[in-house]
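Thanks for coming. I have one structure to go through, so please look at the screen.

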Amino acid sequence: MNTGVQNQLSLEIESTYGTPVTPTLSLPIQASDGVQINQEVLGAEAIRGTSPKNKAFYKGKQIIEGGYKMALYPRSAGYFLKSAMGTDTPSLLETGVYKHTLTESATKPGLTVEQMVDNIVKRFSGFVVGNFKITGAVGQEVMLEVSGKVKGSADATAISKTYETFPSMDWSHVTTLSI
């Protein structure tokens, strides 16, 4: 990957919202801005002051938000959709095959998301999906776009990448989609 291109995204569901956990699942993603920290800076200056001593700057409001676009993988899609909807009720259809019923609830689980750009690693806790979009066309991979807001961030050491063992979903995998 080129320097400056986001080249790793890893995530895990948090047991307590906003409390970071170590991500266990890594995802291949398409180039995107990812999650960004937007920091407001407030400046104050004396009315008659012209020298630099009379100026002061303070941190203002901080907003951490962003999103990702990726091929739809079974496990990762479940993490993002559960974060967007709130409640997941799985039922076993046959060995290893589950049907998930997602229901919207007031309490949404947060995700710890680790993103890596070149050798700069940031870990964001309390990522809650606010919007998601699933798109697909015959003969192509099903794509998932998610965006949301984050509670907090910290520098981190990158985990070893652990990708899903299942292939990404393509249109032939879609048999029933109820929304």
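Which residue in the hairpin of β7 and β8 takes a positive phi? Aspartate 118 does, with phi near 55°, and this hairpin has two residues between the strands.

Before going on, a word on the source. This is a predicted model, where local features need pLDDT of at least 70 and side-chain atom pairs count only at pLDDT 80 or more, while totals for chains, interfaces and linings use all residues. Residues are numbered from 1 along each chain as its sequence is written, and side-chain values use heavy atoms, with hydrogens and water left out.

Now the overall layout. The protein has ten strands and one helix; helices (H or I, at least four residues) and strands (E, at least two) are DSSP runs, numbered from the N terminus. The order from the N terminus is β-β-β-β-α-β-β-β-β-β-β. There are 179 residues, and 32% of them count as buried. Buried means under 20% relative accessible area, exposed over 50%, and partly exposed in between, with a 1.4 Å probe and protein chains only. Taking contacts (heavy atoms within 4.5 Å) between residues at least 6 apart in sequence, 64% join residues at least 24 apart.

Strand β7, residues 111-117, is mostly covered, with six of its seven residues buried. It runs antiparallel to β8, residues 120-135, and six bridges join the two; strands pair if DSSP finds at least two bridges between them. Leucine 111 stands opposite phenylalanine 127 of β8.

Beyond its neighbours within four places in sequence, its contacts include Leu27, Tyr68, Met70, Phe80 and Val113.

Last, another residue of β8, phenylalanine 132. Why does phenylalanine 132 count as partly exposed? Because its relative accessibility is 36%. Not counting residues up to four places away in sequence, phenylalanine 132 touches Leu81, Ala84, Leu144, Glu145 and Val146. Its C-alpha atom is separated by 5.5 Å from that of glutamate 145, 13 residues apart along the chain.
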